[in-house]
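Biologist: I would like to learn how to read a few features of a structure, one at a time. Could you walk me through them?

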Amino acid sequence: MFESTVYSKRRQALRDKVGNGLILILGNNEAPANYPDNTYKFRQDSSFLYFFGHAHPGYAGILDADSGEDYFFGDDVTMDDIIWMGPQPSVKELAARVGIDKSFPFGKLKEVIGKAIAQRRKIHFLPPYRYDNMLLLEDLTGIRASLVRQHSSLELIKAVVALRSVKEPCEIEEIDKACNIGYEMHTAAMKLCKPGVSEQYITGVLDGIAASYGNMVSFATILSQNGQTLHNHDHSQILQAGRLMLTDAGAESTTNYCSDHTRTIPVGGKFTSRQRDVYSIVLACHDRALELARPGITYKSVHLEVCRVLAQGLKDLGLMKGNVEDAVAAGAHALFMPHGLGHMMGIDVHDMEDLGQCYVGYDDEVRPSKQFGLASLRMGRRLQEGFVITDEPGCYFIPDLIDKWRADKMHTDFLDFNAIDKYKDFGGIRLEDDILIIPGGSRFTGEKHIPITIEEVEEIMK
Ligand SMILES: [Mn+2]
């Protein structure tokens with residue numbers, strides 16, 4: 001946790017932005033896995049962490065934008081809890097640690113909300129993504145659980161996005177720590193990536209590293225020889241010489257700040273010449289984004305420039321043809337890169353995705369696209385100092401997609417399907433780093449940069 005003033009200042013800024021009414025921020029609760037007492041590892045709601053700090057289940061907070069007061073709700077532990085879990089701080093103490101002097105039992109929440117509704121005051125809440133909180137909101141507001149998401153407050157969503165998008169120095173320090181764990185994970189994967197080793201074993205080692213240095217992985221690890229499947233969670237393969245292994249993995253710091261890196265490396269430690277060709281193109285894309293990312297530029301324009309680098313590289317390789325600018329405008333390159341260049345990162349690996357991607361990555365100026373590929377760009381708007389985003393271009397050969405586009409005669413002016421067919425056994429390459437936007441440019445987050453050039457990767461895998 002940070003100093004209590006960090007949270008007091010954030011809540012004051014939120015009250016100022018929202019202006020009036022009650023702002024209700026719900027924490028998360030335990031989620032049973034296979035019976036009530038055997039739960040998934042607990043993860044607090046990220047907005048609750050941001051404004052109320054505490055990473056334990058069973059709490060809620062209210063900010064009164066009219067009176068300027070904040071309330072913290074939760075139940076003190078019983079003797080039975082102490083016997084099983086040990087002594088715990090009182091709710092009053094927890095509230096004080098985040099600068100709040102008014103704390104109440106959880107049951108009081110309904111009374112406070114009910115009174116405000118009776119007074120016709122606006123109740124602002126964020127769109128819930130857990131079903132128990134949808135049911136709680138139904139109980140508190142009278143809005144049916146299936147409809148509560150639609151009644152979430154757009155003013156509150158926009159205010160939270162505005163605050164959480166720009167990272168404070170104390171947050172950047174935590175993201176750097178998460179990235180340091182990411183370095184340990186990815187360099188371990190590079191050392192283990194040998195023929196005969198199972199994907200599952202390396203995945204397990206990485207998950208263990210995340211848990212041993214910090215909190216846990218920031219999302220389910222993607223690790224596969226079949227890197228052409230973008231989010232491949234199947235780890236059933238045994239590594240084979242000549243294949244590539246794609247690892248997209250990250251960690252959470254002890255305060256739940258995230259990292260998210262991807263590397264694609266040759267099983268056994270030496271790239272083939274065909275792998276070098278494609279890898280060099282993706283690396284050029286990655287580096288181009290770094291050159292361009294700075295305050296004031298839209299990330300959509302960076303994405304499109306990266307797509308032009310990709311298309312030019314694939315044209316030089318004989319897989320694409322025609323005018324590169326036109327090919328990218330038409331979306332032909334999306335056969336090879338059907339996803340976006342990156343997303344925001346913070347207390348969530350896809351930061352604030354629960355609040356709505358159109359509010360996090362887009363605004364009145366930059367609107368989401370419906371074009372295949374570009375539609376998957378999570379972050380399009382103008383970059384600001386203090387944003388933390390990912391730079392993650394890729395190049396994939398997805399046999400089913402290639403066959404479909406060929407059959408549908410898609411973009412035949414720009415794609416040479418006879419040449420592309422020869423790459424259907426290639427797999428996929430993605431390279432991802434996390435960057436902080438600083439005056440005039442960007443910097444990598446974390447102390448050490450995970451090997452990324454062909455020389456660096458082959459060196460560490462020796
Ligand atoms: Mn990512």
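The dialogue below takes up a helix, some strands and the cysteines.

Modeller: Happy to! Keep in mind that this is a predicted model.

Biologist: Let's begin with helix H9. How many residues has H9, and what does it reach from its first C-alpha to its last?

Modeller: Helix H9 covers residues 199–213, which is 15 residues, and it reaches 22 Å. That is close to the 21 Å expected at 1.5 Å a residue.

Biologist: Which residues of H9 are buried?

Modeller: Buried here means under 20% relative accessible area. In H9 that holds for Glu-199, Ile-202, Thr-203, Leu-206, Ile-209 and Ala-210. Looking down the axis of H9, you find these buried residues within an arc of 120°, so they line one face of the helix.

Biologist: And what covers the buried residues of H9?

Modeller: The cover includes helix H8 (169–192), along with strands E8 (222–224) and E9 (244–249).

Biologist: Let me pick Ile-222 in strand E8. Is Ile-222 buried or exposed?

Modeller: Ile-222 counts as buried because its relative accessibility is 3%. Leaving aside residues up to four places away in sequence, Ile-222 touches several others, including Leu-230, His-231, Leu-246, Thr-247 and Arg-430.

Biologist: Now the strands. How should I read the two sides of E9?

Modeller: The general idea is that side chains in a regular strand alternate between the two faces of the sheet. In E9, Leu-244, Leu-246 and Asp-248 are on one side, with Met-245, Thr-247 and Ala-249 on the other. Both faces are covered, and 6 of the 6 residues of E9 are buried.

Biologist: Which strands are joined to E9 by bridges?

Modeller: E8 is joined to E9 by 3 bridges, and the two run antiparallel. In that pairing, Leu-223 stands opposite Thr-247. E9 is also joined to strand E10 (residues 261–266) by 6 bridges, again antiparallel, with Leu-244 opposite Pro-266.

Biologist: Last, the cysteines. How many disulfides are there?

Modeller: A disulfide is a covalent bond between the sulfur atoms of two cysteines. The count here, with the sulfur atoms required to be within 2.5 Å, comes to 0 disulfides. Take Cys-258: the nearest cysteine sulfur belongs to Cys-179 and is 9.5 Å away.

Biologist: Are Cys-258 and Cys-358 buried or partly exposed?

Modeller: Cys-258 is buried, with a relative accessible area of 0%, whereas Cys-358 is partly exposed at 32%.

Conventions: Residues numbered from 1 in each chain as written. Predicted model: local features only at pLDDT ≥ 70, side-chain atom pairs only at ≥ 80, totals over all residues. Heavy atoms only, no water. Helix = DSSP H or I, 4+ residues; strand = E, 2+ residues; numbered from the N terminus. Expected span 1.5 Å × (residues − 1). Buried < 20%, exposed > 50% of the residue type's maximum accessible area, 1.4 Å probe, protein only. Arc of directions from axis to C-beta. Contact = heavy atoms within 4.5 Å. Pairing = 2+ DSSP bridges.
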